Structures are given as structure tokens and as C-alpha cells.
Amino acid sequence: MAGAGLRAAARRWLLCGGHGGPRAASSSPSCPGCGPPGPSAPCPSGPVLAGGADLNAHLWARYQDMRRLVHDLLPPEVCSLLNPAAIYANNEISLRDVEVYGFDYDYTLAQYADALHPEIFSAARDILIEHYKYPEGIRKYDYNPSFAIRGLHYDIPKSLLMKIDAYHYVQLGTAYRGLQPVPDEEVIELYGGTQHIPLYQTSGFYGKGPSIKQFMDIFSLPEMALLSCVVDYFLGHSLEFDQAHLYKDVTDAIRDVHVKGLMYQWIEQDMEKYILRGDETFAVLSRLVAHGKQLFLITNSPFSFVDKGMRHMVGPDWRQLFDVVIVQADKPSFFTDRRKPFRKLDEKGSLQWDRITRLEKGKIYRQGNLFDFLRLTEWRGPRVLYFGDHLYSDLADLMLRHGWRTGAIIPELEREIRIINTEQYMHSLTWQQALTGLLERMQTYQDAESRQVLAAWMKERQELSCLLNYRVDFTFYPRRTPLQHEAPLWMDQLCTGCMKTPFLSDMAHIR
């Protein structure tokens, strides 16, 4: 009975606003059965503890202590701000248990400036015109960095670029054909009178599907922009075209920028311009090695490019920091295809013919597959933490199939945190303005990509250097995602007295 009384008192305290702090008696009516909350005005119906202390008074005293520690030391608008240099964990992990750290190269160890995207866009556009014989008029289009974000889907037969949420519904107001928005009514009609797209039509686990493609990596930003510009030109000039051919030509042109080494040439010619925060990469790697951690690198980029970039960021002896280095790995098939063997490269990058029976420190290997990698290194399970920027090819398969811990490098996270912090600050100023921004973010954030975020990676951050803010034995604890009844957001669900659920008093007899 005493336990039941304690639980009832705690529940009554929460309903009276204890989870959100005490309310001034003049600002809002008290909840039924309770006076103005606070240590000096306990709930008269609260139970009495064995020692005679009133539980309600005890809970409010504890609340006031915490309030003095936090809100009186820091302004309220600062207390609720998110730290853009923090690491946000989706699963509990102790770095003390991590013995091996793995890294991708592009957009993980090497962070690139946004100036690279217009270069990729322009080069692929010129390839379309000069090699694929597309109309010269396409050359008038320039890269628009604010047009698209990662995670969007492209319906090839319908030429629609759009946002699909976690439940496979097209988010109305997000569909574009070319550079023009498509009315919601037309979108619904195109999908048979519904916003829902069946799972079999959407992209597969690695972003590949029969008719719908999802753009996941950062290199997809110029690809989406170019695709939309070409469609816009054809539609604007009433030119007939096959949607599948146009899509393939654009993706092939973007691929040619990488295959022909154009992007590598731009970066190598001006590393100061394109590579960001190389000194922080050196600091992270050196710190891990100093604490006895083993490191490996798996990248799709060629050795000559990686070598020049790592020399720029870390120094000529960068290979001594890594226990295994694998280049031109051909991800994502590296994680699923057992057939490709490892090949060793000499100092000049030429292939060797000897059989690989172990992976040696200081050596460079090409291709291979994850299964041989696991067999040769015995780096299995949660003692391995791998960082990458691509949700599917870098993170999901490693986590779900092989038990590695994974970390996502998300450059967009800094902007997302700025938006959240702005809303939190506005909340302390004008509730209505903050609510508007919050609703907009809530509507668009729970998309198909964020659904995979919850399932696929261990923690997320905007850049690798965030690791420097934590001890190497730090333990990350995630915030458990509450169910809808556990986190009331709307005024009619809060016991504030300023808004009542209709007919609630009439239904009291049912309880």
C-alpha cells in the first residue's frame, strides 16, 4: 500500500506540472486537488512517508535544488540549446570497449568545401553537351546549392524529385518536376489517388530500385541539381525525351567526373581550397593511436589521391598510423561480394601478384571484400567502430549484419542544430513563432532517411573532430524515443489548466 501511495503521489506531481517546473499561482490555475505548487504549499492529499516527511514537499524541494543548479546558473535559453560540437548517440556505447576504429576517406577523414559541388555540376553538364550531344542551351544553367538536400527520391518514369517520409508517403509540397513544383492534386493523381508509394517501388537497401532512386551521399547534390535542370530545359522547350535515357545519361555524366579523375585533379591542385580542417583529422588519429587503438581505412578512392590528401592533412608518415589501408574497395559491393580478392600495391601504386594471407601495417591493398577482411583481421563485433558518410554503403550493412558500431559524419547536422536552437530561443520569446517553425521541422524531418538513421548508426556528428571533445573511455547514452502518450506536446494534453479536453469532466464517472 505504501508503494502504491508513493506511485500515486509521484503521478499526481507529474500531472501538476512537476516535469515542466512549478507554475506561479498567478499565471495558471492549479490542478484539481492541489494548491499552488512549491515546497511551502504541498499537495494536501499527498501521502506521508514513514519518517513523517511529505513526499510532495520532498519532490518539490528536489526540483528547486536542480532548478538552482541549472536555470539560476545559466539563462533558460542557453540551457535548452544543443551543442553543434557534440556527438548524438542512437545506442549506448562505451568507447572503453572500442579497440578498433575504421574510417572512410571522402567526407570522413577528408572534409571538402562546398565549392566542389559547382565544379562537379559544371563538368558533368559540359560532358552531357559535348559527349552525349545534349542541347547547347543546357549550358545556361548554373548550380543552385539551395535547391535539393540529401535523402530525396527521384521517380524516373514520372520525372519527379520529391521527399518520401518514413511510412512511404509523398510529403505534399515537396514534389518537383524539373525546377517547377508539382501541385499536390497532380501528385496524388499520378499515384492512383493516394500519397502512398508501395515499398516495392521505392529504392532498395542500397538506394537501387526498379523505378525510384534515393540520393544519399553528398556527391548526389550536384547530380540532383543537374537532373532537374536538364528536365526543366526539355519541358520548357517542349522536347520529347525518354525519362529513363535522360536519367541514365545524367548519372553517367556525373560518374564520368569521378571516373576520369576530374574531381581528384581539382582537389590535388588546390588542397587548401577544397580540404577543410586537416589539422583536426591529424589530431583525432594521433590521439587514438596514442591510446593504443588500432586504425584502418577503407575507401573507394585511388591510392595516389588518398596519399596526397593524407600527406596534406597528416604528413608523409600517415600510413604508420593505420594498421590496414584499403583503396578502390568498390563499396558497397565490398560489404556483400565474397568473390573479389585483395591485391597488394607497391610504393608506386602498381598491382602485385602475390597471394594475400595477412594484412600488414604500412602496406596498401586494393579491392577485396569484407568477409576476407574479417577473417584476416578478426576484427568483429562491437569492439569495432566504423565512420562514414553514406548511410547505406558505409553504415547499415556493417551494423545490421556484422555487429560493428557505426558513426555517421553529417555535415548538415550543424545547420539542423542551428534551426533547433533558434526555435528553442524563440520559445523563450514568442511561443507562437517558435511553434510554427517547430511544426515545419517536425513535418519534414521524419523522412525515409531519418527512419534508417534510427536503425543503422550508432552516433552522428557533423565532423570527425567532435571526438576530441570526449575521453577515449567515454560512455554515450541515447535519449530513449518516447511513445506518443509519454511526451505530451499539445496544450490539450497538458494539465496546465489553461486548456481543457472537451467533455473530460462528463467522462469522469467512466473512470
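User: Why is Glu 136 called partly exposed?

Analyst: Its relative accessible area is 48%. Partly exposed covers the range between buried (under 20% relative accessible area) and exposed (over 50%), with a 1.4 Å probe and protein chains only, so Glu 136 belongs in that range. This is a predicted model, in which local features need pLDDT of at least 70 and side-chain atom pairs count only at pLDDT 80 or more, while totals for chains, interfaces and linings use all residues. Residues are numbered from 1 along each chain as its sequence is written, and side-chain values use heavy atoms, with hydrogens and water left out.

User: What makes the pair Arg 139 and Glu 136 a salt bridge?

Analyst: A salt bridge needs a side-chain nitrogen of Lys or Arg within 4 Å of a carboxyl oxygen of Asp or Glu. For Arg 139 and Glu 136 the N to O distance is 2.5 Å, so the pair qualifies. Arg 139, at 29%, is partly exposed. In general, side chains of opposite charge can pair when their charged atoms come close.

User: How do you know that Lys 248 and Asp 252 are about one helical turn apart?

Analyst: They are four residues apart in helix H7 (residues 243-259). Helices here are DSSP runs of H or I with at least four residues, strands are runs of E with at least two, and both are numbered from the N terminus. The side chains of Lys 248 and Asp 252 also meet in a salt bridge at 2.7 Å, N to O.

User: What makes Arg 471 and Asp 473 a salt bridge?

Analyst: Their closest N and O atoms are 2.9 Å apart, so the pair meets the cut-off. Elsewhere, salt bridges that share partners join Arg 125, Asp 126, Glu 130, Glu 136, Arg 139 and Asp 142 into one network. The whole structure has 25 salt bridges.

User: Why is Leu 109 called buried?

Analyst: Its relative accessible area is 0%, so it counts as buried. Leu 109 lies in the loop between strand S3 (100-103) and strand S4 (111-112). Leaving aside neighbours within four places in sequence, its contacts (heavy atoms within 4.5 Å) include Phe 103, Leu 285 and Leu 464.

User: How do you know that strands S15 and S16 pair?

Analyst: Pairing requires at least two bridges found by DSSP. Four bridges join S15 (residues 384-388) to S16, so the strands pair. They run parallel, and Gly 388 stands opposite Ala 408 in S16.
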